[in-house]
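Subject: Structure handover

Hello,

Here is the structure we spoke about, with the sequence alongside. My notes follow below it.

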Amino acid sequence: MTASAQTSRGLDIHFDGVVHLYPSAEGDVVALRGVDLDVGAGEEFALLGPSGSGKSTVLSLLAGLQRPSAGQIKVGPYDIGRLTNRQLLRLRATEVSLVLQDPARNLLPYATPTQNIEFSQRGARGRGKTPPWKPQALLEQLGMGRLAQRTVATLSGGEQQRVAIASGVAGAPRLLLVDEPTSQLDTASRDQVIELLHRINSELGATVVSVTHDPTVAEAMPRTVTIRDGRVGAEGRRGEEYAVVGRDGSVQLPPDVLERLPPGTLLRVHRHRAGVDLRDPELDPHGQ
Ligand code: ADP
């Protein structure tokens with residue numbers, strides 16, 4: 001499978017103080033409590049965090065399925081909170097692709113995998129671009145070549161998940177959003193999906209965001225962002241974990257570190273040429 005030389009540059013992402021509420025009869029549920037996040041065009045990262053922490057909300061805001069209750073979300077030149085419904089629809093049909101966790105919600109069940117992929121390539125054609133990958137080549141990359149002409153409804157959950165991912169990348173989106181892309185896959189299929197996510201990023205320059213609980217997917221991504229309790233709780237780069245300094249100067253520490261530092265703990269601020277360390281004087285009484 002070879003991609004043509006044409007590239008679709010990725011969209012950058014900026015969350016500035018994003019708050020999101022879901023109204024309910026018992027009172028509003030606060031899903032995001034002030035998320036600040038900057039992602040460069042063409043970055044590839046995994047969004048991690050426990051169930052209920054706000055990951056799916058971040059994805060649906062990025063896809064423009066809803067608008068933030070407060071704060072600003074910019075995706076490339078677009079201010080998501082200010083676009084009309086029509087503009088949001090157009091954005092999803094052309095530049096942003098969202099692959100939901102439940103494959104059936106992404107696919108036309110009575111069409112074949114090939115037809116589903118061709119359908120999702122219409123957006124690229126509408127932009128005057130030739131989609132870089134042929135349906136059959138995409139399906140073969142995911143080990144699905146022999147199922148290309150079957151009806152989607154007759155495929156297993158894992159097979160449907162792979163067709164959904166193939167359809168999601170097929171139109172060469174500038175931002176690809178995937179929710180738990182490997183949840184129904186065996187090891188070999190999982191590796192093929194990770195490879196395809198890397199390819200749309202490296203060959204077409206797309207920005208790729210994967211929400212995942214799968215440690216193999218998280219390890220395969222150059223950057224991880226962890227959401228906890230509706231806030232960005234930690235960052236990882238190439239396997240190293242980092243605390244995040246928020247726009248208000250507060251530092252978000254990983255939860256296992258917080259368990260060792262009860263509220264009120266004083267940390268010594270140690271400046272040195274290579275940077276700044278925060279040290280617990282109790283554990284490190286003579287730290288220089
Ligand atoms: P995650 O994807 O990390 O599991 P979500 O973004 O789905 O988290 O949910 C974050 C919070 O928002 C949770 O408390 C969840 O119960 C709540 N929530 C999500 N969607 C809705 C909704 N449609 N109505 C009410 N509350 C919701």
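By the rule used here, how many salt bridges does the count come to? The count comes to 6 salt bridges, where a salt bridge is a side-chain nitrogen of Lys or Arg within 4 Å of a carboxyl oxygen of Asp or Glu.

Before the details, note that this is a predicted model, in which local features need pLDDT of at least 70 and side-chain atom pairs count only at pLDDT 80 or more, while totals for chains, interfaces and linings use all residues. Residues are numbered from 1 along each chain as its sequence is written, and side-chain values use heavy atoms, with hydrogens and water left out.

Side chains of opposite charge can pair when their charged atoms come close. One of the bridges joins the side chains of Arg-223 and Glu-43, at 3.1 Å from N to O. This pair links distant parts of the chain, 180 residues apart: Arg-223 is in strand E9 (residues 223–228), and Glu-43 is in the loop between E2 and strand E3 (44–48). Helices (H or I, at least four residues) and strands (E, at least two) are DSSP runs, numbered from the N terminus. Arg-223 counts as buried because its relative accessibility is 4%, whereas Glu-43 is partly exposed at 22%. Buried means under 20% relative accessible area, exposed means over 50%, and partly exposed is in between (1.4 Å probe, protein chains only).

Another bridge pairs Glu-203 with Arg-199, at 2.7 Å from N to O. Both residues lie in helix H7, 4 residues apart, which is about one turn of the helix. An α-helix has 3.6 residues a turn, so residues three or four places apart point the same way. Glu-203 is partly exposed, with a relative accessible area of 28%, and Arg-199 is buried at 11%.

Arg-190 and Asp-191 also meet through their side chains, at 3.6 Å from N to O. Arg-190 counts as buried at 16% relative accessibility, while Asp-191 is partly exposed at 38%.

Helices

Helix H6 (residues 157–170) packs with helix H7 (residues 187–204) at an angle of about 5 degrees, and their axes are 11 Å apart. Axes are lines fitted to C-alpha atoms, for helices over the stretch in contact, and angles run from 0 to 180 degrees between N-to-C directions. H6 and H7 are therefore roughly parallel to each other (angles under 35 degrees count as roughly parallel, over 145 as roughly antiparallel, 65 to 115 as roughly perpendicular and the rest as oblique). On the H6 side, Arg-162, Ile-165 and Val-169 meet Ser-189, Gln-192, Val-193, Leu-196 and Ile-200 of H7, with contact meaning heavy atoms within 4.5 Å.

Helix H1 (residues 55–62) is largely enclosed by the rest of the structure, because 7 of its 8 residues are buried. Among them are Val-58, Leu-59, Leu-61 and Leu-62. Gly-64, with a positive phi near 70 degrees, follows H1.

Val-35 is in strand E2 (residues 29–39) and counts as buried at 1% relative accessibility. Not counting residues up to four places away in sequence, Val-35 touches Phe-15, Asp-16, Gly-17, Val-18, Gly-230, Arg-231 and Val-232. Val-276, in strand E15 (residues 275–279), counts as exposed at 56% relative accessibility.

Regards
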